[in-house]
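User: I would like to go through this structure with you. Could we begin with the helix side and then turn to the sheet?

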Amino acid sequence: PKIIEATKGCPSFFYIDPFGIKGLEFDNLKQIFGKINMISTEVLVNFNYKALLREYELNPSLTDKVMGGDYYKETLIDNKIIDSNKEEKILEMYKLQYKRFFTHVGSCPVLYKDDRMAKYHLIFATSHFDGFKLMNDIMGDVYREFYTEGRLLQIFPKEKQRDLIFLEKEILNFLQNKTQNRKMIKEVFMTKYFLRFKESDYNQVVTKLLKEKKIYSDNGKVRINDNIFLTFLTP
């Protein structure tokens with residue numbers, strides 16, 4: 001409460017890094033999240049899924065408080081879901097709680113060096129897209145560096161690979177039934193594929209599609225800004 005009072009009326013960045021999950025009770029976080037209605041507030045939260053599992057066995061009432069409800073339990077106890085998919089599903093459920101307060105929410109796993117299991121996840125939430133773009137690039141660079149540093153071969157999970165051909169197809173499909181600008185493309189796909197692609201990748205792919213005349217810009221030019229509308233060219 002003292003920190004919230006001290007930052008009243010000020011743009012604020014909260015880094016919340018508890019030991020385990022104690023202190024992450026959602027009613028506590030909502031006091032911080034409530035600030036966004038008055039002034040720019042961003043948060044970076046350490047979410048430890050393994051600690052959540054431990055506490056669920058010992059103190060399930062605490063895990064309910066941390067998750068902001070018991071909506072996650074059905075997935076947690078479902079033996080038909082493999083552990084890695086279960087972790088991803090519960091993480092996405094938890095991030096939806098943040099979406100009640102923030103416009104943009106993304107997360108990055110902090111990994112063990114010798115395997116692909118996450119020590120914990122860093123969740124970033126903001127209502128300003130510029131902040132989201134910056135964190136997308138920063139977290140993405142660190143994530144890719146982890147998978148390449150000191151290795152002869154890239155061991156990226158396929159669903160995380162920075163595949164510009166895949167991104168090109170996604171953007172073309174997105175533009176088939178609507179006219180959108182590049183800013184909207186970035187907002188949609190950075191949310192969907194947070195940290196997988198850099199902002200420059202979106203610019204590069206859109207420019208390529210314009211040069212190949214697969215899409216057209218409102219001003220008829222290839223060099224455009226984020227606010228110029230784009231139209232899909234039907235073959």
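User: Where is Leu134 found?

Analyst: Leu134 is found in helix H7. Please note that this is a predicted model.

User: Is Leu134 buried or exposed?

Analyst: Leu134 has a relative accessible area of 58%. Exposed means over 50%, so Leu134 counts as exposed.

User: Which residues make the nonpolar surface patch?

Analyst: Leu134, Ile138 and Val142 make the patch, which covers about 300 Å².

User: And which strands does helix H7 lie across?

Analyst: Helix H7, residues 129-148, lies across S2, S3 and S4. The helix runs at about 15° to S3.

User: Turning to the sheet, what is the order of its strands?

Analyst: The sheet is open and has 4 strands in the order S1-S2-S4-S3, with mixed pairing. Its edge strands are S1 (12-16) and S3 (104-111), each of which pairs on one side only. On average, neighbouring strands of this sheet are turned by 15° against each other, direction ignored.

User: How many bridges join S2 to S4?

Analyst: There are 5 bridges between strand S2 (residues 41-47) and strand S4 (residues 118-126), and the two run antiparallel. One example is Val45, whose bridge partner in S4 is Ile123.

User: How many bridges are there between S3 and S4?

Analyst: S3 and S4 pair over 8 bridges, in the antiparallel sense. Here the bridge partner of Leu111 is Ala118 in S4.

User: How many residues of S4 are buried?

Analyst: In S4, 7 of the 9 residues are buried, so this strand is largely enclosed by the rest of the structure. Buried here means under 20% relative accessible area.

User: How do side chains alternate in a regular strand?

Analyst: As a general rule, side chains in a regular strand alternate between the two faces of the sheet.

User: A change of topic: where does Glu159 lie?

Analyst: Glu159 lies in the loop between H7 and helix H8 (164-175).

User: Is Glu159 buried or exposed?

Analyst: Glu159 counts as exposed, because its relative accessibility is 52%.

User: How far apart are Glu159 and Arg196 in sequence and in space?

Analyst: Glu159 and Arg196 are separated by 37 residues in sequence. In space, their C-alpha atoms are 8.7 Å apart.

Note on methods
Residues numbered from 1 in each chain as written. Predicted model: local features only at pLDDT ≥ 70, side-chain atom pairs only at ≥ 80, totals over all residues. Heavy atoms only, no water. Pairing = 2+ DSSP bridges. Axes fitted to C-alpha atoms, helices over the stretch in contact; angles between N-to-C directions. Contact = heavy atoms within 4.5 Å. Patch = residues over 30% accessible without salt bridge, like charges linked within 9 Å, V, L, I, M, F, W, Y side chains within 5 Å. Areas by Shrake-Rupley, 256 points an atom, 1.4 Å probe, with all protein chains shown as cover. Salt bridge = Lys/Arg side-chain N within 4 Å of Asp/Glu carboxyl O. Buried < 20%, exposed > 50% of the residue type's maximum accessible area, 1.4 Å probe, protein only.
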